[in-house]
Amino acid sequence: VDGAGRLATADEGAVEKLELRFETDNLEGLRPLWLGPEVIAQDTLSELSREILAFDGIDPDTLPTLADVRTEGKMAGRMTLSGSLTSLAIEGEAELEAARYGANLVGDAAITFGTTGFLSSDQVFQARIDADSIRILDRIFDSVSVHMDYRGSQGGVDFFLVREEDEKYRGRLVFDQEESLRTLHLDELALNFPDERWNLGGPTSLAWDPDGLTVSDFRLIRPGVDGMRIEAEGYLPFQGEADFTLNVQGLDLSRIAHVLQVDERHEGVVDLNLQVTGEDSDLRMAATVAVTDFRYEDYALDRFSGAVEYAARRANGEMEAWKDSLRVLTVSGGFPLDLTFGRIDNRFPDEAIDLEVVSELLPLSLLLAPFDTYQEVEGTLSGQVVLGGTPERLAPTGRLTVDEVGGLLSGIGVRHRNLNATLDWFPNRQVEVDATVESDGIASVQGTITLSTVSNPEFDL
């Protein structure tokens, strides 16, 4: 860093200025500015160091690795300070080359910035970033352009993201604040894909204050035959009366996963309608949802649909799942639920539950999809269970059977097969188990499980 010049301590009309220039061939030297002089990385610790940290209550596995804090790249730029300490103006520019922090990468970037009235109530700030070959938070773009401006309590952001030559995202956000009311205006949003385009139906806004949140005329559409439409309008109160509508038609989950650059496979087309009315302390909701051709990774359903009504701290409705033209799961009835806006201690009041769960050849792979302990799961679940009682004291009755279940317990590399079991549920919260399973040999399990609490069951097997 080198520089020269002078600044006045006061006087708005001062013409003095201070010129600074900076350059580095390795950004690693700047890492202590945000991580401190020493970085403790888990893959550099000795066994003794790990034990000392554990004794102090620090889990060494929660510390970053050297790769997580890897910093490199070149930077050069300049900054000019002018005016006086009481009326300071700053402008400058910087360039980055082959910059990296952890897994985040920037091939080349040019940054320009300027501000007047620095640290005053009438400060004006502007900045522009143009970058190529970007990888940020595991999201990859060919190029990114962002322009920001801020003046007092108002400002805006324009962005243009190029993911590929024929896929580009553009938008403009404007925000302002008037006393306790904050408003975010979305003036433009366009997502251009190789084969279609999503765009706003018109400018929209989101406003919030201590009393609630207002969505004004949000419409995201995909024009054309069998087009997509997302519409939201109305008021969601922290205090007062709600009047909110959300309508979704033809939303392609695979396209959403593509935009968010999610690694897992998501597919399906969603139709959804949600109505919210009533006072904040006594909300009423009605929702219908239908998802066709649903797939998560290798787990698929032909259709999932449901209808739920909510009032007086209780949700009632029915949901169904279909696979290979067979209704494999039905859940119907009601359960206590508190959806009051705002913070409350317990979302599940200790009131009566009346739910019936019926399954017929439901693939167990669907139930275990969120968990990676078991892989390559086969087999089905069938039966009927009625859940009564309360959340604190469940009283289930019914029987479930699992048939021809197999899977790989990935943590230890053991494959189980031909698991067959019956689970008989009783209102005293006991489950009678009768099961056999094969691996290198055959194991059988009989006895009871008592669900005194779901998180701490009692075994007698």
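Six elements, β21 (354–363), α4 (364–367), β22 (374–389), β23 (394–409), β24 (414–425) and β25 (430–438), each give at least two residues to the lining of the largest pocket. Helices and strands here are DSSP runs numbered from the N terminus (helices are H or I with at least four residues, strands are E with at least two). Please keep in mind that this is a predicted model, where local features need pLDDT of at least 70, side-chain atom pairs count only at pLDDT 80 or more, and totals for chains, interfaces and linings use all residues. Residues are numbered from 1 along each chain as its sequence is written, and side-chain values use heavy atoms, with hydrogens and water left out.

**The largest pocket**

- The volume of the largest pocket is about 860 Å³; a volume is the space filled by probe spheres set on grid points, which are joined across faces, edges and corners.
- A pocket, on a 1 Å grid over the protein atoms alone, is an open set of points where a 1.4 Å probe fits, with protein on both sides within 12 Å along at least five of seven lines, and lining residues have an atom within 4 Å of a point.
- The largest pocket is lined by 32 residues, of which L381, L400, V402, L423 and W425 are the closest to its centre.
- Strand β23 gives the most to this lining, with 7 residues.
- By class, the lining holds 28 nonpolar, 4 polar and no charged residues; Ala, Val, Leu, Ile, Met, Phe, Trp, Tyr, Cys and Pro count as nonpolar, Asp, Glu, Lys and Arg as charged, and the others, Gly among them, as polar.

**Aromatic rings and a charge**

- The model has 4 aromatic pairs, where rings of Phe, Tyr and Trp (its six-membered ring) pair if their centres lie within 6.5 Å, and planes under 30 degrees apart count as stacked, over 60 as edge-to-face and the rest as tilted.
- W34 and Y101 form an edge-to-face pair, at 5.9 Å centre to centre with 85° between the planes.
- W34 lies in helix α1 (residues 32–35) and Y101 in strand β4 (residues 87–101), so this pair ties together parts that are 67 residues apart in sequence.
- W34 is partly exposed at 47% relative accessibility, and Y101 is also partly exposed, with a relative accessible area of 29%; buried means under 20% relative accessible area, exposed over 50% and partly exposed in between (1.4 Å probe, protein chains only).
- Ring pairs link Y169, F193 and W198 into a cluster.
- The charged end of R255 sits over the ring of F193, 4.3 Å from its centre; the rule asks for NZ of Lys or CZ of Arg within 6 Å of the ring centre and within 35 degrees of the ring normal.

- R255, A257 and V259 are the buried residues of helix α3 (residues 253–260).
- Their cover includes β8 (154–164), β9 (167–178), β11 (197–200), β15 (241–252) and β16 (266–279).
- R222 is found in strand β13 (residues 212–222) and is buried, with a relative accessible area of 14%.
- Not counting residues up to four places away in sequence, R222 touches E196, R197, W198, G227, M228 and G250, where contact means heavy atoms within 4.5 Å.

**Contacts and backbone angles elsewhere**

- G333 lies in strand β20 (residues 326–336) and is partly exposed, with a relative accessible area of 25%.
- Leaving out residues up to four places away in sequence, G333 touches A315, N316, G317, D354 and L355.
- E297 lies in the loop between β17 (282–296) and β18 and, setting aside neighbours within four places in sequence, is in contact with E264 and R265.
- L366, in helix α4, touches Y299, A300 and L301, again not counting residues up to four places away in sequence.
- A312 has a positive phi of about 50° although it is not a glycine; A312 lies in the loop between β18 (299–311) and β19 (314–323) and is exposed, with a relative accessible area of 58%.
- E376, in strand β22, has a positive phi of about 55° and is not a glycine.
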